[in-house]
Amino acid sequence: MADVPSNAPAHCPGTASDDAGKVSACQGCPNQALCASGASKAPDPAIQEIKEKMTSVKHKILILSGKGGVGKSTFSTHLAHGLASNDTMQVALLDVDMCGPSIPKMMGVEGEQVHQSGSGWSPVYVEENLGVMSVGFLLSSLDDAVIWRGPKKNGLIKQFLRDVDWGEVDYLIVDTPPGTSDEHLSIVQYLSATQVDGAVIITTPQEVSLQDVRKEINFCKKVKLPIIGVVENMSGFVCPKCQHESQIFPPTTGGATKMCKDLNIPFLGKVPLDPRIGKSCDEGKSFLTEFPDSSASIAYRDIVCRIQEHCVTRSSEVEKTA
Ligand code: SF4
């Protein structure tokens, strides 16, 4: 994975690249002499600092989606609420979607400010056992467009992972932007010295979404990121009045269940569409608390249990081999 310093020009090939300091993009860059000498290929010291920081975080889960609009952030918030419903668990939700940070609104903490103390940035707490950090807290206005270049994004991700004072945490959930971009590569690189439990990939049943999920799965394989499993979101619509179920996004190629079977990866479950989910998110409330008996809440809780089981099993396997 290429590392891009914050003072590098837009098309920096990355200091770890064989082209570092040698290609046209490097002309005029203040780091050119250093990069051309090869000295810049040394590993980023932040990786070791992040490793030390993450010793207080038991489980780390990345939430990915092949494309936008499939309910990735909605799933991240429900996973956070679901895990935090056990008040013996300490849960952290980190939103690294630099261009569309929606977690503060969904968690009911929009407009909050991040405080800096001697031990780092303090997360914003939704509940005593549920802390949130998002680029959304750093914007001066809610309507600010976040147009950041790669180096600045990478620098902020590094700061989020290294400088947030999470304290002792059982689960850190990282809500990433859609697709596979610089942000994903940065997160994987910066967490490379820690044990990441794996990625949960969110999709809808349509082939157009599954196509992108296959790319996401390839990305995970390439960067050796374990896949916890796939969640099929917007899987049928259950009318809250008559409970009749209809298919809004028909699974023309068999949906996520078939894809997971074909690719031999775990399928974590289906979450039906429910208009009350969007309303709860807009109001910053937990749908799981507001409508605990709904089909979607039951599905979410099942999936949260499966993810927890995966993390606990993986930890004990890692301990055995250590
Ligand atoms: S000289 Fe180094 S930092 Fe500057 S653009 Fe080239 S590779 Fe990037």
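How many residues apart are Asp262 and Lys258 in helix H8? They are four apart, which puts about one helical turn between them in helix H8, residues 255-263. Helices here are DSSP runs of H or I with at least four residues, strands are runs of E with at least two, and both are numbered from the N terminus.

A word on the model before I go on. This is a predicted model, in which local features need pLDDT of at least 70 and side-chain atom pairs count only at pLDDT 80 or more, while totals for chains, interfaces and linings use all residues. Residues are numbered from 1 along each chain as its sequence is written, and side-chain values use heavy atoms, with hydrogens and water left out.

Asp262 and Lys258 form a salt bridge, with their closest N and O atoms 2.9 Å apart. A salt bridge means a side-chain nitrogen of Lys or Arg within 4 Å of a carboxyl oxygen of Asp or Glu. Asp262 is exposed at 52% relative accessible area, and Lys258 is partly exposed at 42%. The cut-offs are under 20% for buried and over 50% for exposed, with partly exposed in between, using a 1.4 Å probe and protein chains only.

The count of salt bridges comes to eleven. One of them joins Asp170 to Lys58, at 3.0 Å between the closest N and O atoms. Asp170 is in strand E7 (residues 169-175) and Lys58 in strand E1 (residues 57-65), so this pair ties together parts 112 residues apart in sequence. Asp170 is buried at 13% relative accessibility, whereas Lys58 is exposed at 56%.

Glu207 and Arg214 also meet through their side chains in a salt bridge, 2.9 Å from N to O. Arg214 is partly exposed, at 30% relative accessibility. Glu49, Arg162 and Asp163 are linked in a salt-bridge network.

Next, the ligand. Which residues come nearest to the ligand? Of the 14 residues around it, they are Cys12, Cys26, Cys29, Asn31 and Cys35. Being near means having a heavy atom within 4 Å. By class, this shell holds nine nonpolar, five polar and no charged residues.

Last, His81. Is His81 buried or exposed? With 13% relative accessibility, His81 is buried. His81 belongs to helix H3, residues 72-84. Leaving aside residues up to four places away in sequence, His81 touches Met107, Val126, Leu130, Ser286 and Leu288, where contact means heavy atoms within 4.5 Å.

Note on methods. Ala, Val, Leu, Ile, Met, Phe, Trp, Tyr, Cys and Pro count as nonpolar, Asp, Glu, Lys and Arg as charged, and the others, Gly among them, as polar.
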